[in-house]
Amino acid sequence: MNLIEFNDIRKTYTIGTVTIDALAGVSFDIGEHEFVAIMGPSGSGKSTLMHILGCLDTPTSGAYRLEDHDVSELRSNDLAHIRNRDIGFVFQAYNLLPHLSALENVLLPCTYSTHIMSGRDEKVRAHELMERVGLKDRMYNRPVEMSGGEQQRVAIARALMMNPPVILADEPTGNLNSKGAREILDIMKELHADGKTIIYVTHDAIIGAQAERVIRIQDGRVVADERN
Amino acid sequence: MDLRDSFRNATRAIFAAKMRSFLTMLGIIIGIAAVVMLMGVGNGTKKSILSRMQSSGSGNLYLTAGARSNVLMGGGGPGGPGERSGVSSGAKITEEDLAYIEARVTYSIVVSPTNQTNITIKNGDTTMSGTGIFATPTYFEVDNVTIADGRMISTSDIDNRTRNVVIGATVQTTLFPNESAVGQPIRINGASYNVVGVATAKGETVGSSVDTAIVLPFSDGEKSFGVVHNVVQRTTIKCVDPTQSSAVTTEITDILTRKHKKVDFSIQDVAAMTALLTSSMTTLTTLLAAIGGLSLLVGGIGIMNIMLVSVTERTREIGIRKALGARERDILVQFLIESSLLSIAGGALGIVISVLGSDFIVSRFTTTSITGSSILLAVGFSIAVGVFFGVYPARTAARLKPVDALRFE
Ligand SMILES: Nc1ncnc2c1ncn2[C@@H]1O[C@H](COP(=O)(O)OP(=O)(O)O)[C@@H](O)[C@H]1O
Ligand SMILES: [Mg+2]
């Protein structure tokens, strides 16, 4: 059963008279529990693709099915609900809120959920997640007080807060040194082992080699879709 | 997102930029303070005028000789000085006129004819100047003058042309500081009189006060002070039912016009003047409030401006919140609460300042009256300003596409 079905997804930007096909007809399926690496040169459309996958953006045309929803049909509130419950997004730039502590950042998705957990359970889970990403001692630090690698681990804990089935990571190690990058990759692999579906954008061929499947993108098209 | 979280977020954002938040609030602070204070001055002035008019008798009509075009500007108001000025020669109200009116009027009225003159009052070596009011017993009922000590002028005082007088409270304290004046002799313009009563202090009223006056029998005016024979300077007519005052005015005008064959007199209706004053003071208060409201408008635009800046600055934050599941409504509420809190806090400070400010005004210039309703209005207004001017920036924020907000540098 496919978790994600992309059918001829296009995204066109028009700036003045110039049109840019960021995605020029992309089709693929991704099953549950897959670990997919998306690779391609800068400007090839990887982030655009991830944003559409993550319901942060809508395609110009094409059909996107996620867990049996036709995403193109959904209204903005439903999309917000999907972003909250079904998808954990990890950005290259971490995107933590600077005025909140690490723990508060991790708890942030709860503010937008129809509280299924009690406030205490939420705190317990946030603590567990911080521990899981190895930041037990950094709960109350602000992002500026942490290294890039640590910030990205906070971002991963936040992505896991609502226990979504899918983790989308757009070059999560792009700003990190090799040690930091390895830690992130290790966490991702663990998450995969726990049953999450991971879609992981990277430039790094070594990281790509560790994925089950690599989708290569160039000029907004899929040029290769290989399984290791 | 529940409201508690929203409020915590909003206060956090406000405190994160203290100086800017304060400057934004300043517009509202000044606006609300202006509205509340100006309304206070308006209401206070209205109240004090009304209470002074009421103490001189509501439902009273003042009948004087000579036609006047303007009710309010006529002769310095009820009891005011200069009653005789501007009276056309030959025009007069006589005691017969009053008897004629009383015989024909269909409403229930009490008529109090008076003449006035300036007098010098003396007890032993102490002298003061005051007003001599020549009146009949009805004067006390009609002008709301009560007796603190002794008795009123009686009908027999009038009939027998006695020299019994009632003195005002200030006359009592000035000339008889240590004892009751009742039963004591007193000299008025050099002639000897006998005090039979002391009037209760009335405080400030429109025009001259009974406090510095002496009430003499009406008949004595002609006898001892050279008041023109058979002339009544001013007649106060009390309508027993004050709501009938305008009907009574009409009827008496008719009766007297028939007798005189022309309108050579005027009747001032305190109730009508009060109503006129009240409505013009209300207009003035509204005008003052509107001027204050303008500064509130400017303050509101300030809030909108800052909220727009804040939305731009926090575009990325909005993108992050949306990526984590915030709906449009959540973002809208977040910014609306922020603008409303700013404006409510500004409003609260404005009210505090206006209360302090009116104490200052009261101590120096005039009375003010800050009513609960003007405070309620101010609070309502500041919430409305916060919401109204917050809606546009908040909607701008709420409608940002997540991806655009996230890509914003
Ligand atoms: N908002 C936008 N407006 C115009 N062009 C855009 C916008 N977003 C992306 N693009 C263009 O789309 C193409 C793909 O961008 P992106 O998906 O960010 O590539 P990648 O992540 O692979 O580097 C690029 O040419 C980029 O300039
Ligand atoms: Mg990219």
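I begin at one residue pair: B:Asn60 stands opposite B:Lys238 in strand 9 of chain B. Strands here are DSSP runs of E with at least two residues, helices are runs of H or I with at least four, and both are numbered from the N terminus.

Before going on, the conventions. This is a predicted model, in which local features need pLDDT of at least 70 and side-chain atom pairs count only at pLDDT 80 or more, while totals for chains, interfaces and linings use all residues. Residues are numbered from 1 along each chain as its sequence is written, chains are lettered from A and ligands numbered from 1 in the order in which they are written, and side-chain values use heavy atoms, with hydrogens and water left out.

Back to chain B. Buried means under 20% relative accessible area, exposed means over 50%, and partly exposed is in between, with a 1.4 Å probe and protein chains only. In a regular strand the side chains alternate between the two faces of the sheet. Here B:Asn60, B:Tyr62 and B:Thr64 point one way, B:Leu61, B:Leu63 and B:Ala65 the other way, and all are buried.

Now the partners; two strands pair if DSSP finds at least two bridges between them. Strand 1 of chain B is joined by 5 bridges to strand 9, residues 234–239, and the two run antiparallel. Within that pairing, B:Leu63 has B:Thr235 as its bridge partner. Another 5 bridges join strand 1 to strand 10 of chain B, residues 265–269, again antiparallel. There, B:Ala65 is partnered by B:Phe265.

Strand 9 of chain B has 5 of its 6 residues buried, so this strand too is largely enclosed by the rest of the structure. Strand 2 of chain B is joined to strand 9 by 6 bridges and runs antiparallel to it. B:Pro113 stands opposite B:Thr235 in strand 9.

Strand 2 of chain B, residues 109–123, also holds B:Lys122. B:Lys122 is partly exposed, at a relative accessible area of 38%. Leaving aside neighbours within four places in sequence, B:Lys122 is in contact with B:Thr127, B:Leu175, B:Ile186 and B:Arg187, where contact means heavy atoms within 4.5 Å.

Next, chain A. Its 4 strands in the order 2-1-4-5 form an open sheet with antiparallel pairing. Strand 2 (18–31) and strand 5 (69–70) are the edge strands, each pairing on one side only. Strand 4, residues 61–66, is joined to strand 5 by 2 bridges. A:Leu66 has A:His69 as its bridge partner in strand 5.

Last, ligand 1. Which chains surround ligand 1? Residues from chains A and B do, so the site is shared between chains. Among the surrounding residues are A:Tyr13, A:Pro41, A:Lys46, A:Thr48 and B:Arg407; near means a heavy atom within 4 Å. Helix 1 of chain A gives the largest share of the shell, 3 residues.

For polar contacts, the cut-off is a pair of N or O atoms within 3.5 Å; within protein, one must be able to donate a hydrogen and the other to accept it, and residues adjacent in sequence count only if both atoms are side-chain atoms. A polar backbone atom of A:Lys46 is 2.9 Å from an oxygen atom of ligand 1. From chain B, a polar side-chain atom of B:Arg407 lies 3.5 Å from a nitrogen atom of ligand 1.
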